[in-house]
Amino acid sequence: MTKTDDTERRARTRLLIQLGSLINLAGLSLLCDIEEGDDLQLDIGSRDKAALLLGILLDIVADFAPTDAQKERLIQAGI
């Protein structure tokens, strides 16, 4: 593995961790009954939790086309 590959892998991992933290902060993990220690990939029971979370996100994205004013309101809510 080259230094560039390692740097890119670390950047991707950092981004995925940050995205997971945002999902948790938004309360989506609670909504989907996802708990620390759940293996969303390998545990059959947790796969439904992962599917629910993905379904929620897909539903939001499907019709999401915010205006600039809505984006600003959402940014302020996030802050």
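The entries below go from ground rules to helices, salt bridges and the core.

**Ground rules**

I am working with a predicted model, in which local features need pLDDT of at least 70, side-chain atom pairs count only at pLDDT 80 or more, and totals for chains, interfaces and linings use all residues. Residues are numbered from 1 along each chain as its sequence is written, and side-chain values use heavy atoms, with hydrogens and water left out.

**Helix H1**

I started with the helices, which are DSSP runs of H or I with at least four residues, numbered from the N terminus (strands are runs of E with at least two). For the expected span I took 1.5 Å times one less than the number of residues. The 23 residues of H1 should span 33 Å, and the end C-alpha atoms of H1 are 33 Å apart, which agrees. Just after H1, I noted Gly27 with a positive phi of about 90°.

I also looked at Leu25, which lies in H1. Its relative accessibility is 73%, so I list Leu25 as exposed; my classes are buried for under 20% relative accessible area, exposed for over 50% and partly exposed in between, with a 1.4 Å probe and protein chains only.

**Salt bridges**

How many salt bridges does a search of the whole structure find? I got three, counting a side-chain nitrogen of Lys or Arg within 4 Å of a carboxyl oxygen of Asp or Glu.

I looked at Asp6 and Arg9 to begin with: their side chains form a salt bridge with an N to O distance of 2.6 Å. Both residues sit in H1 (residues 3-25), three residues apart, so about one helical turn separates them. Asp6 is partly exposed at 22% relative accessibility, and Arg9 is partly exposed at 41%.

Asp6 also bridges to Arg10, with the closest N and O atoms 3.1 Å apart. This pair is four residues apart in H1, again about one turn of the helix. Arg10 counts as exposed, at 52% relative accessibility.

The remaining entry is Lys49 with Asp38, where the closest N and O atoms are 2.9 Å apart. This pair links distant parts of the chain: Lys49 is in H3 (residues 44-62) and Asp38 is in the loop between H2 (28-31) and H3, 11 residues apart. Lys49 is buried at 17% relative accessibility, while Asp38 is partly exposed at 25%. As for shared partners, the salt bridges join Asp6, Arg9 and Arg10 into one network.

What else does the Lys49 side chain reach? I found the backbone oxygen of Asp33 at 2.9 Å; a polar contact here is a pair of N or O atoms within 3.5 Å, where within protein one must be able to donate a hydrogen and the other to accept it, and residues adjacent in sequence count only if both atoms are side-chain atoms. Leaving aside neighbours within four places in sequence, Lys49 touches Cys32, Asp33, Ile34, Asp38 and Leu40.

The 19 residues of H3 should span 27 Å, and I find its end C-alpha atoms 27 Å apart, which agrees. Which residues of H3 are buried? They are Ser46, Lys49, Leu53 and Ile56. They cover an arc of only 75° around the axis, so they are on the same side of H3; the arc is that of the directions from the helix axis to the C-beta atoms. What covers these buried residues includes H1 and H2. The face turned away from them carries the exposed residues Ile44, Asp48, Leu58, Asp59, Val61 and Ala62.

Last, I looked up the largest nonpolar core, which has five residues: Leu28, Cys32, Ile34, Leu53 and Ile56. Such a core is a set of buried Ala, Val, Leu, Ile, Met, Phe, Trp, Tyr and Cys residues joined through side-chain atoms within 4.5 Å. Leaving aside neighbours within four places in sequence, Ile56 is in contact with Leu28, Leu31 and Cys32.

Methods: Contact means heavy atoms within 4.5 Å.
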